[in-house]
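Here's a quick look at one protein model, written for someone who likes to know the cut-offs. Have the viewer open as you read.

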Amino acid sequence: MAPAKQSEEDMIHCRLDELLEQRGMTLTELSREVGVTLANLSVLKNDRARAIRFSTLAAICRVLECEVGDLLVID
């Protein structure tokens, strides 16, 4: 049996853990600063998110002082 083809959305990886570590910040701190629940950030961090609002993406990048391409990469 051939392996299942990986969908494009499964190829996107969120580097939130690495960015938080580099900045000495916790997910809880980011949650407070961005105004997004810890549960929703956890879904994003663990690559289980299927969508993200542009406003949320912009807020995360603003707080982490990064670009979208620093946060989301294609594996």
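Predicted model: local features only at pLDDT ≥ 70, side-chain atom pairs only at ≥ 80, totals over all residues.

Residues are numbered from 1 along each chain as its sequence is written, and side-chain values use heavy atoms, with hydrogens and water left out.

The protein has 5 helices and 2 strands, taken as DSSP runs (helices H or I, at least four residues; strands E, at least two) numbered from the N terminus. Along the sequence they run β-α-α-α-α-α-β. Of the 75 residues, 29% are buried, meaning under 20% relative accessible area, with exposed over 50% and partly exposed in between (1.4 Å probe, protein chains only).

Now for the core, a set of buried Ala, Val, Leu, Ile, Met, Phe, Trp, Tyr and Cys residues joined through side-chain atoms within 4.5 Å. The largest one holds 19 residues, and L16, L20, L30, V34, I60, L64 and L71 touch the most other members.

The top contributor is α4, with 6 residues. Skipping neighbours within four places in sequence, I60 is in contact (heavy atoms within 4.5 Å) with L16, V34, L41, L44, I52 and L71.

Back in α1 sits D17, which counts as partly exposed because its relative accessibility is 39%. Its C-alpha atom is 9.8 Å from that of S42, 25 residues apart along the chain.
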